[in-house]
Amino acid sequence: MLHALILIPLVGALIAGLLSDDQRRPLLLPLVALLHTGLTLAELWHPSGPAHGGWVQLDPLGSIVLLTISLLFLGCSVYAVSYLRHDRPERPNRFLCLSLLSCLAAMTLVCISQHLGLLWVAVAVATVSMAPQIYYNTNARSIEATWKYLLIGSVGIALALLGVYFLAYATLVAGVDATLQLESLLEVAPKLDQGWLRLGFVFLLVGFGVKLGLAPLHTWKPDAYGEAPGLVGALLAGGLTNCALLALIRVYQLMLAAGGDDRLYRVPMMVLGLFSMLVAAVFLVRQADFKRMLAYSSVEHMGLMVLALAIGKGALAGMLLHLIGNGLAKGALFLSSGTLHRVYGSKSTLGVQGALRRVPWSGSILLGGFLAVTAFPPSLLFLSEFTIITAAFRQGSWVAAVLLLLALAVVFLGMAPIVLGMVLGDPPSRLPSTSQRERLLTVLPPLVLLLLVVVLGVCLPPPLADLVHQGAALLRGGCP
Amino acid sequence: MTAIFLTDQLLIVVMLLNFVLLGTGRHQLSVRLVAAQGVMLGLLPGILVPFSWHLALITVGILLVKGGLVPWLIAQAIKRSEAKQELQPHLGFGATLVLGAICTALAFWFAARLPLAATHHGHLFLPASIATLLAGCLLLTTRRKAISQVLGYLVLENGIFIFGLLLTEAMPVMVEAGVLLDLLVGTFVMGIVIKHISREFSSLDTSRLTALRER
């Protein structure tokens, strides 16, 4: 079963590469995505045991990320059909489809791998396979964005590899016979050499921090998110970053199991998380490009989740809920803003006005997505952020909690005038005439994703709630 | 004893190559130097551990990828873009060399403080690894041309790889193959992007890539 989850997108990618019809190829995406989501749900319902000597297994943490990515990809794939067939019929989409599907396979592998080496390989493959997608528009700006993404991303991934090597060396120095398999590593963690372990942690935090886009390692993010098509932005913000977060969560599990002074890993994470939130808040205010604005919002939310991880205890369940909510909400935001970008022919916040009149559905989704992502009740993100903030106060992390609240307030005040300015008012009178408009299939996916965020915020289905509790228990060092 | 002697000689050559790389701006030469580093990295595991199929596989893999395919891809990119050399690095060659020397000294100082496994005492692996990694960072940050930056990334990767050689027996073949494959695919994609940069900007000067920033 677990194999099928990876094989299906891979076979899909192969077919996408062989098909020569640009009009039919996009239909492959929702087909594969539907199979993937179906299999994921089946796997959650009846988990199959570990495979390949325990190298792959779907634990509660992996399940949460996999479910989020699968749903997000399903939405993006439906959107892609209309986008590629009707809005961009002139542009070849072979490499886009191929890399979308191989990226899905790689992201799935990240979720199910229980071996740090395999996990690294999966993150690296996902990183590289995103590059052709960012490059889709093949203009000077997208080249620049792809170059920065590739170079910074590759260096980040290389540093993470060094971190993995250091962890492996920590087992060697301690003389314990352990592989990089998570289960055996967690067992022997207290015996590992502390020096190498900590050094490994630093490199892994920096390496995966680049992928997460934690400030000050976030510089590739606004460029890539700004220049990539909306659906790719959605996958970057809700898919790839969540994969990197899962990788960091695995490292956190290891540090937790190793024991010792926990401030050594909590403090760096807390500082990076808070700094990301504050930097994002500063750059969000008066942002002139709404796709870049969403990128900074992503920096903010990744910072928030890393901070929650550092706070620990009660904040952990909040972090896992936030991971789901943020992934889905970012999907709604990026997909709807992609439509706005095409219809107005501009992604400047000054060029887009009166979206509620010009493109009522996408405009409303953008407004709704903004409210959801800034944690207006009944959004799932309200629940998660409330949990995290309460936990922060309970833990006595007063400074962190106050700075967190401050950053959230600034982000809201910064985003509100931009988004309201885009959706309210009258559309500019001298808009270039264009055949671009909203279509059923470009409106439905973001709408469903947004509704999901709200519905999950109102009532969390018991199986999902169980999953979150089990995941949080794992991160507290207990048994699932 | 001879094994230690041999590996140390090779690692010293690797570190010397770092300096040549830091001191030159000629792309053709730099690619050959990176390839030479790759070949030396490929030879090291053979000296270090007794023969096994695992070892043979890794040796062939490293030689093929690091010594052959990756440099070839970069050489192709150089040929296509007709870029000959680094013109004006952000920091002069002399200054980079001095920084490189400081970094190498720091690498030795830092490496002496880390607890090594008993079998690895007295080897140059750790300092060579850190020194090469830092040299790669220097190349990445001080050079302007896209090709020099890719070369910097490759040197950085070589540095990390040197450390990985200490773990040859502990690392599963699959992971090592994944590392090499990722390097290969990454370089391939970078080569394509370089082609497009040179076509779009008629130059490989990455300091011209400034359209995207906060205003």
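Tutor: The model is predicted. Along its principal axes, the C-alpha trace of chain B spans about 55 × 35 × 35 Å.

Student: How many helices and strands make up the secondary structure of chain B?

Tutor: Chain B has seven helices and zero strands. Read from the N terminus, its elements run α-α-α-α-α-α-α.

Student: What share of the residues of chain B count as buried, and what share of its contacts joins residues 24 or more positions apart?

Tutor: Of the 215 residues of chain B, 46% count as buried. Among the contacts in chain B with a separation of 6 or more, 78% are between residues 24 or more positions apart.

Student: How many residues of α6(B) are buried, and what span should this helix have?

Tutor: In α6(B), 20 of the 20 residues are buried, so the helix is largely enclosed by the rest of the structure. Helix α6 of chain B covers residues 146–165 and should span 28 Å at 1.5 Å a residue; its end C-alpha atoms lie 29 Å apart, which agrees.

Student: Which residues of helix α11 in chain A are buried?

Tutor: The general idea is that an α-helix has 3.6 residues a turn, so residues three or four places apart point the same way. In α11(A), the buried residues include Y265(A), M269(A), L272(A), S276(A), A280(A) and F283(A). The elements covering the buried residues of α11(A) include α8 (194–212), α10 (230–258), α12 (290–311) and α17 (398–423) of chain A. Helix α11 itself (residues 263–284) has 22 residues and reaches 31 Å from its first C-alpha to its last, close to the 32 Å expected.

Student: Where does the largest nonpolar core have its most connected residues?

Tutor: In soluble globular proteins, nonpolar side chains tend to be buried together. Here the largest nonpolar core has 264 residues, and those with the most contacts inside it are V110(A), V123(A) and A126(A). Helix α6(A) supplies the largest share of this core, with 23 residues. Leaving aside residues up to four places away in sequence, A126(A) touches C103(A), A106(A), M107(A), V110(A), L240(A) and C243(A).

Student: How many residues of chain A are in contact with chain B, and which element of chain A gives the most?

Tutor: The size of an interface is often given as the accessible area lost when the parts come together. In residue counts, 32 residues of chain A are in contact with 36 residues of chain B. On the side of chain A that touches chain B, α5, α6 (140–174) and α9 (220–227) of chain A each supply at least two residues. The most comes from α6(A), with 19 residues. By type, the residues on this side of chain A divide into 23 nonpolar, five polar and four charged.

Student: Which residues have a positive phi, and where are the cis peptide bonds?

Tutor: Most residues other than glycine have a negative phi, and most peptide bonds are trans. T138(A), in the loop between α5 and α6 of chain A, has a positive phi near 35°. T138(A) counts as exposed, with 12 C-beta neighbours inside 10 Å. K313(A), in the loop between α12 and α13 (315–344) of chain A, has a positive phi near 45°. K313(A) is partly exposed, with 13 other C-beta atoms within 10 Å. Just after α11(A), R286(A) takes a positive phi of about 60°. As for the peptide bonds, the one from A215(A) to P216(A) is cis, with omega near 0°, and P216(A) lies in the loop between α8 and α9 of chain A. Another cis bond joins P377(A) and P378(A), with omega about 10°; P378(A) is in the loop between α15 (360–373) and α16 (380–395) of chain A.

Definitions and conventions. Residues numbered from 1 in each chain as written. Chains lettered and ligands numbered in written order. Predicted model: local features only at pLDDT ≥ 70, side-chain atom pairs only at ≥ 80, totals over all residues. Contact = placed C-beta atoms within 7 Å. Helix = DSSP H or I, 4+ residues; strand = E, 2+ residues; numbered from the N terminus. Nonpolar A, V, L, I, M, F, W, Y, C, P; charged D, E, K, R; others polar. Core = buried A, V, L, I, M, F, W, Y, C linked by C-beta atoms within 7 Å. Expected span 1.5 Å × (residues − 1).
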